Amino acid sequence: MSAIASTWEFRSNGSADKGARMKTRVGAGVPNLFVVPAFNEIDNLPRLLEDLEGRPELFPAGSKVFIVDDGSSDGTGEWVTRYDGPVPTELVSYGENRGPGAAFRAGFDAALAMCDDDANVVTLEADTTSDLNALDTMLGHIDAGAGLVLASVHGGGQMVNVSLLRRFLSRCAGAAVRLLLGLDARTVSSFFRVYRASVLREASLHYGDRLITETGFACKAELLAKIASLGTRIEEVPVDLDGSRRVGESKMSIGPTLAGYWRLFRGSKLPDDPSSKVPVA
């Protein structure tokens, strides 16, 4: 895959003006490793990479996008191998659909294998529903000492062009996780997050193969609870999620997701010390 060229220009869609107005971050030269689970996202990935191409400030030396093909049958993996644009990408594939939990484990392993502790690991949906304009603020909180920053649709952001049922279930899941797992985070299930690499490495060493045991979408709440139990400073940034940006249907199935949360609430996948409550700034 192509490395980022030093002459990488902003696209002529207003991004240049936006980039010129952005304040310089303290950690602007720190590598960003993106982990993007993808299951049958052939229609969305080109749009996501185009969006990232217009943000070269996110790719200092050592940065890369890991696209984890979770057993796609639509040519997602083949498209990634053919991509020859300026964003440095790497395909992570294991040949079968195992769910987002397995995809995040594989992506984290690949990212941590090539970065130092001061790098950032950014997780994203492949379907472009999250607003990447929030990344500068999220990374700024990491610069200021946070170990994990959550994109929060319920902490000042909103879910737009999303069904009433999904919005209701998302709020209920957040409320239940806060009550039963002792977390103060308002948005617990969004893929869009920024981790300090040292935090993920510490959590991986502490929990080993048990860091993410939930295979479905509840894996994000499980991972959040386990990282919080280690005393990590966690913050939230208001971010909108816009369902109209997605091509195709959401990959989240309501029934299996509810079953995953039920397993968490029964205590079978709680952190070793669930009494550790970490306030969210």
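Author: **The aromatic cluster**

A search of the whole structure finds 5 aromatic pairs, where rings of Phe, Tyr and Trp (its six-membered ring) pair if their centres lie within 6.5 Å, with planes under 30 degrees apart counted as stacked, over 60 as edge-to-face and the rest as tilted. The model is predicted, with local features needing pLDDT of at least 70, side-chain atom pairs pLDDT 80 or more, and totals for chains, interfaces and linings using all residues. Residues are numbered from 1 along each chain as its sequence is written, and side-chain values use heavy atoms, without hydrogens and water.

One of the pairs is edge-to-face: Phe104 and Phe191, 5.0 Å centre to centre with 75 degrees between the planes. Phe104 belongs to helix α4 (residues 100-112) and Phe191 to the loop between α6 (164-181) and β7 (193-196), so the pair ties together parts 87 residues apart in sequence; helices (H or I, at least four residues) and strands (E, at least two) are DSSP runs, numbered from the N terminus. Phe104 is buried at 1% relative accessible area, as is Phe191 at 9%; buried means under 20%, exposed over 50% and partly exposed in between (1.4 Å probe, protein chains only).

The rings of Phe108 and Tyr195 have centres 5.6 Å apart and planes at 70 degrees, so this pair is edge-to-face. Phe108 in helix α4 and Tyr195 in strand β7 are 87 residues apart. Phe108 is buried at 4%, and Tyr195 is buried at 0%.

Ring pairs link Phe104, Phe108, Phe191 and Tyr195 into a cluster.
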